[in-house]
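Dear colleague,

Please read them alongside the coordinates.

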Amino acid sequence: MLEINEIFGPTIQGEGKLIGSPSIFIRFGKCNFKCVGFNVEYETPSGKKKCACDSYYAVDIEFKDSWKSYDNHLDIVNEVDKLLENYSYKNIVDIVITGGEPLLYWNNKEFQNLIKHYINKNHKLTIETNASLNIDFQEEYQKNILFSMSVKLSNSLEPLKKRVNKISLTKILKNSKESYLKFVIGDDFLENAINEIEDILKDIPKCEVYLMPLGDNSKTIDDNSKEVVNLAIKYGFKYSDRLHIRLWDNKRGV
């Protein structure tokens, strides 16, 4: 069974290597992290106030009643096809599988069928992941996935042994061509972030690295972006804005 929080688009990719690209998002429910350190405040359906990342509604199982379950990947494909129905250039749309943490479903046959469907249709297919879970590459089509790996730093308040998995990072980078790392940083966590990032990059294959400003609204992104840009320039990393938040704050479905 595949648990989906939402399917939406076409919209644009707001961050990372394909920023600005037309995309459809398939957001899976469930995550192995909470990331309370990102300090996005929210209220659960039962009235509890908590902090987490800006995708809390796909992370916190208290929102599970709003998720939809699928036993067959073709039912997801049909929903995506409806969104693409009036779109002239279907194959240039990036299919983005996100979460939550979608790699929790990696060993699910229907999850693999979903990936294979879009690879065979010549879509670009991105999986957005925290890259903390061990996965195996057993099929050739899996090597055509673009993994956008948002590895968490200590500002997430997740323990180091849980959030950094160099075995997984190495395996993904060796088995895919264009995958990359991205890190979310606030202006109060600059030099420490660089030290942690440099440690993560030791002993893994070389790849592109993006630094992104922390925030779930346009003002916070503005407040953090200049320092993060300067940090990227200083250390030779790439800067990625978070365009979807600048445009729509943390509004869902856009």
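The largest nonpolar core of this predicted model has 53 residues, and those that touch the most other members are I115, I127, F147 and L211. Helix α3, which spans residues 109–120, provides the largest share of this core, with five residues. If neighbours within four places in sequence are set aside, F147 is in contact with L103, W106, I127, T129, I135, F137, Q142, I172, S176, S179 and Y180.

Turning to the open spaces, the largest pocket holds about 770 Å³, and of the 45 residues that line it, E15, R27, D54, S55 and R242 lie nearest its centre. Several elements give two or more residues to this lining, among them β2 (22–28), β8 (146–150) and α8 (243–248), while β1 contributes the largest share, three residues. By class, the lining of the largest pocket comprises 16 nonpolar, 16 polar and 13 charged residues.

The second largest pocket has about 160 Å³ of space, and its lining divides into eight nonpolar, no polar and three charged residues. Strand β4 (residues 49–52) gives the most to that lining, with three residues, and the lining as a whole includes C31, F33, K34, Y42 and D60.

Finally, the structure holds one cavity of 30 Å³ or more; the largest cavity has a volume of about 40 Å³ and is lined by F38, S150, V151, K152, L153, N155, F183 and V184, that is, by five nonpolar, two polar and one charged residues.

With best regards

Technical notes:
Residues are numbered from 1 along each chain as its sequence is written. This is a predicted model: local features need pLDDT of at least 70, side-chain atom pairs count only at pLDDT 80 or more; totals for chains, interfaces and linings use all residues. Side-chain values use heavy atoms; hydrogens and water are left out. On a 1 Å grid over the protein atoms alone, a cavity is a set of points where a 1.4 Å probe fits but cannot get out, and a pocket is an open set with protein on both sides within 12 Å along at least five of seven lines; lining residues have an atom within 4 Å of a point. Grid points are joined across faces, edges and corners, and a volume is the space filled by probe spheres set on the points. Ala, Val, Leu, Ile, Met, Phe, Trp, Tyr, Cys and Pro count as nonpolar, Asp, Glu, Lys and Arg as charged, and the others, Gly among them, as polar. A nonpolar core is a set of buried Ala, Val, Leu, Ile, Met, Phe, Trp, Tyr and Cys residues joined through side-chain atoms within 4.5 Å. Buried means under 20% relative accessible area, exposed over 50%, partly exposed in between (1.4 Å probe, protein chains only). Helices (H or I, at least four residues) and strands (E, at least two) are DSSP runs, numbered from the N terminus. Contact means heavy atoms within 4.5 Å.
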